[in-house]
Amino acid sequence: MAYWEPIRELDEAHLVQPASKLREVTHEIARITENRAPRGWWICFLLASAFAGIFVLCVSYLFWRGVGVWGNTSPVYWAWDITNFVWWVGIGHAGTLISAILFIFRQRWRTAINRFAEAMTIFAVICALIFPSIHVGRPWLMFYVFPIPNQMTLWPNFKSPLLWDVFAVSTYFTVSLLFWYTGLIPDLATLRDRSINPWRQKIYGFFALGWRGSNRHWQNYERAYLILAGISTPLVLSVHSVVSMDFATSVIPGWHTTIFPPYFVAGAIFSGFAMVETVLLIARTVFKLHRVVLMRHLELMNKFLLLTSLLVGYAYGMEFFIAWYSGDEYEMAHFLHNRPMGPYWWAWAWMMSCNVLVPQIYWFKKMRTNLAVMFVVSILVNIGMWFERFVIIVLSLNRDFLPSAWGLFRPTIIDVGTFTGTIGVFFTLFLLFMRWLPMVSMTEVKGTMPQADPHRHAEDEGEHDPVKIPDQERLPAAAAGALVPEGAE
Amino acid sequence: MEARPTSRRRTPSIILAEYKSAHDVLHAAEKVRDAGYVRWDTHTPFPVHGMDRAMGLRDSRLGWIVIVFALTGLTGAFAMMHWMNGVDYPTVVGDKPPGAPQTLPSMVPILFELTILLSAFGAVLGMFHLNRLPRHHHPVFESDRFRLASDDRFFISIEADDPKFDVDKTPALLAGAHAANVEVIEEDVS
């Protein structure tokens with residue numbers, strides 16, 4: 001069977017309705033960047049940029065006064081800043097998983113969401129990179145982490161996991177950006193060719209690099225895309241593994257665990273899928289993308305959430321078991337007492353209920369296909385995953401070996417403002433992306449359509465002349481019952 | 001298209017044939033290949049499955065470029081870490097003698113990351129190099145219909161400097177292969 005045909009035995013359907021025309025796909029996606037922004041976009045944008053403004057204020061105050069404006073204190077020197085860093089890096093991981101790993105496994109449903117998820121990776125990693133940079137106390141000395149000659153004739157210590165992190169996260173950001181841009185080139189050419197405004201044509205044309213859809217180009221382009229997907233796959237697994245080594249190479253109970261690398265990667269993908277879903281549901285409603293992002297895609301993502309939730313739950317269970325099985329009194333005190341019954345028991349309870357209990361409702365198809373349920377669950381999972389990092393970082397530091405050195409961490413208003421501010425930065429960047437760049441890969445969606453099959457005849461193709469498709473004439477919602485009618489949200 | 005001054009002498013630079021479906025363009029490409037043309041191309045809104053064979057193209061050479069970049073990243077990362085921590089300013093961390101083989105495991109993460117980083121640059125820049133991009137000007141952009149090549153139309157272009165090119169026979173070949181439209185793009189001769 002040809003690879004573009006759905007496998008009937010598996011109950012697969014075409015990604016886009018067989019009746020859709022190639023031109024409709026172009027129109028459906030490109031129109032978002034061409035028409036006026038809907039009111040929903042402006043509401044979201046103003047809200048997001050207000051939070052981004054709070055971020056700027058908080059960071060300015062931090063630079064003015066120093067890291068004392070945060071709640072970090074002995075013995076909890078890593079607190080919200082590193083929690084936020086790990087959380088944001090983790091969110092980015094789902095983007096690479098969708099764009100690279102699902103590409104290699106030929107999961108063609110990813111075409112509806114991959115551009116989106118890649119953009120999410122880039123913006124999440126930008127938010128992540130902010131935190132270690134502002135956490136160093138003297139941000140103007142950040143360049144010490146790079147192997148460049150400095151006035152002290154010192155080189156970085158390449159045996160430090162913190163330095164591995166610098167290389168891992170910056171490589172991750174660069175490779176994600178290259179991957180994203182490579183995927184965008186043919187779509188930028190489409191926007192260039194459709195533009196009426198000469199400025200649009202010049203700007204999109206500049207970034208499209210003169211792409212002309214040549215098959216001699218496609219050949220190298222597809223190979224480049226495959227290689228990028230191939231190298232991104234081990235890269236994404238390495239990044240959160242290296243992040244986890246920041247903790248795992250220390251001796252603190254709660255951090256000194258060999259399970260950390262795979263456990264962090266599973267958690268990263270879990271939270272990332274939840275964030276993709278949150279953003280996707282907003283975009284789908286605001287820009288009415290019901291015909292491209294089908295309920296089937298959302299349901300598949302919910303299955304992924306369920307799977308990764310089970311992986312994360314397994315890791316939690318293993319931590320408990322090993323703490324008991326090791327017989328180490330410090331490990332037992334941490335996992336069996338401080339986490340569930342210590343002063344931060346509520347953080348542990350949030351983590352457990354949001355990450356392990358809540359996603360279990362996805363065993364039911366009714367829940368997997370309910371938009372309101374998945375929006376709430378996706379946010380709860382993100383809250384739960386934030387608390388997971390909080391539990392790992394703050395709960396391990398606040399009570400280690402010596403009870404005389406125990407202490408509590410209390411966040412300040414600046415902590416809260418900086419964190420919620422980065423959420424504003426993230427959504428501001430995202431909304432700008434949605435407005436000015438094609439948020440679904442037109443090229444890839446067309447490649448999964450029946451028309452892409454060169455063995456199919458063309459009798460039922462559309463008119464020769466360009467037709468403007470009025471909004472009312474759009475095809476009715478896709479595969480029967482699988483989709484909520486337009487405007488029902 | 002705007003009218004150009006007629007005083008200049010104009011000569012065909014490229015022939016552009018438009019097709020309505022992936023099916024049509026694939027079979028037309030097979031005919032062009034069999035007719036022995038070499039300086040020609042197809043333009044499609046997405047990569048058409050089987051087109052490489054229909055055009056008789058060899059496999060992409062991009063992998064060779066990437067492996068060179070990857071090995072450069074790997075050896076460069078090793079040289080950097082060994083020289084900085086082992087030779088120029090020897091540092092003892094974790095009781096490992098500077099520059100000794102025991103320091104190798106701690107180098108693995110950065111060896112890996114820089115290999116990946118350079119491979120990614122190799123893949124993207126190598127692709128641009130093989131495709132000779134960016135190239136913002138090309139004769140096919142002279143056609144008003146060509147903008148549909150990024151939407152839902154499929155094109156074949158044959159350049160006038162192809163040894164087999166013939167002002168009458170080439171358009172006839174393309175039209176004979178079910179082209180929806182054939183146009184000759186001309187350029188000024190200086």
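In this predicted model, the secondary structure of chain B amounts to five helices and four strands, and these elements follow one another along the sequence in the pattern β-α-β-α-α-α-β-α-β. Chain B has a radius of gyration of 26 Å, well over the 16 Å that the globule rule gives for 190 residues, so this chain is more spread out than a compact globule. Taken along the principal axes, its C-alpha atoms fill a box of roughly 80 × 40 × 30 Å.

Chain B is divided into domain 1, which covers 10–57 + 135–188, and domain 2, which covers 62–131. The C-alpha centres of these two domains of chain B lie 44 Å apart.

Chain A, by contrast in its secondary structure, comes to 15 helices and zero strands.

| Chain | Residues | Share buried | Share of contacts with a separation of 6 or more that join residues at least 24 apart |
|---|---|---|---|
| Chain A | 489 residues | 48% | 82% |

**The nonpolar core**

The largest nonpolar core has 184 residues, and the members that touch the most other members are Val276(A), Ala28(B) and Ile156(B). From chain B, this core draws at least three residues from each of domain 1 (10–57 + 135–188) and domain 2 (62–131). In soluble globular proteins, nonpolar side chains tend to be buried together.

Around Ile156(B), once its neighbours within four places in sequence are left aside, the residues in contact are Ala17(B), Val25(B), Ala28(B), Ala29(B), Val32(B), Trp40(B), Thr42(B) and Leu174(B).

Helix H8 of chain A takes in residues 260–286, and at 1.5 Å a residue its 27 residues should span 39 Å, which agrees with the 39 Å between its end C-alpha atoms. Of the 27 residues of H8(A), 22 are buried, so this helix is largely enclosed by the rest of the structure. Just after H8(A), Lys288(A) takes a positive phi of about 50 degrees.

Helix H5 of chain A, residues 161–194, contains Phe173(A). Phe173(A) counts as buried because it has 20 C-beta neighbours inside 10 Å, and a residue is buried by this criterion if 20 or more other C-beta atoms lie within 10 Å of its own. Leaving aside neighbours within four places in sequence, Phe173(A) is in contact with Val125(A) and Leu129(A). Between Phe173(A) and Ile231(A) there are 58 residues of separation in sequence and 13 Å in space, taken from C-alpha to C-alpha.

**Where the chains meet**

Across the interface, 58 residues of chain A are in contact with 62 residues of chain B. On the side of chain A that touches chain B, at least two residues are supplied by each of helix H1 (22–34), H5, helix H7 (215–248) and helix H15 (442–447). H7(A) provides the largest share of that side, with 16 residues. Sorted by class, the side of chain A that touches chain B has 24 nonpolar, 22 polar and twelve charged residues.

Note on methods. Residues are numbered from 1 along each chain as its sequence is written. Chains are lettered from A and ligands numbered from 1 in the order in which they are written. This is a predicted model: local features need pLDDT of at least 70, side-chain atom pairs count only at pLDDT 80 or more; totals for chains, interfaces and linings use all residues. The radius of gyration is taken over C-alpha atoms; the globule rule is 2.2 Å times the number of residues to the power 0.38. A nonpolar core is a set of buried Ala, Val, Leu, Ile, Met, Phe, Trp, Tyr and Cys residues joined through C-beta atoms within 7 Å. A residue is buried if 20 or more other C-beta atoms lie within 10 Å of its own, exposed if 12 or fewer, and partly exposed in between; C-beta atoms are placed from the backbone. Domain bounds come from an automatic or database domain assignment. Two residues are in contact if their C-beta atoms, placed from the backbone, lie within 7 Å. Ala, Val, Leu, Ile, Met, Phe, Trp, Tyr, Cys and Pro count as nonpolar, Asp, Glu, Lys and Arg as charged, and the others, Gly among them, as polar. The expected span of a helix is 1.5 Å times one less than its number of residues.
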